[in-house]
Amino acid sequence: MKSIINELWHGNIVPQEDSRTNSKEMKELLGYMSRHHEDLEKSFSNEQKEVFEKFHDCWSEYMSLAEAAIFEYAFRLGARLTMEVQKDT
């Protein structure tokens, strides 16, 4: 069995890209979002498309930072829980 820490370090485990955790509702929402995104872009002028693309890029970067912060928090919480469980045994 491979070490999960080693796998994580080498990038073989990428939690934010693990589509197995996407629920049916999440996949459905992604479909809606994609369709609405396409509809919006069709109705925009070239200038509006450029502004929307910049907004989209900023939003993607923000979400990436937020996901990293959530991952770090959850990882630390899990480690603290493990330490507490070990302390009581």
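Here is a short tour of this chain.

This is a predicted model, in which local features need pLDDT of at least 70 and side-chain atom pairs count only at pLDDT 80 or more, while totals for chains, interfaces and linings use all residues. Residues are numbered from 1 along each chain as its sequence is written, and side-chain values use heavy atoms, with hydrogens and water left out.

The protein chain has three helices and zero strands, in the order α-α-α from the N terminus. Helices are DSSP runs of H or I with at least four residues, strands are runs of E with at least two, and both are numbered from the N terminus. Buried residues account for 2% of the 89 residues; buried means under 20% relative accessible area, exposed over 50%, and partly exposed in between (1.4 Å probe, protein chains only).

Helix α1 (4-9) gives the most, three residues, while I13 sits in the loop between α1 and α2 (24-43).

The structure also holds two salt bridges, each a side-chain nitrogen of Lys or Arg within 4 Å of a carboxyl oxygen of Asp or Glu.

| Salt bridge | N to O distance |
|---|---|
| K54 and E50 | 3.7 Å |
| R76 and E72 | 3.0 Å |

K54 and E50 lie four residues apart in helix α3. R76 and E72 are separated by about one helical turn because they are four residues apart in α3. R76 counts as exposed at 52% relative accessibility, whereas E72 is partly exposed at 42%.
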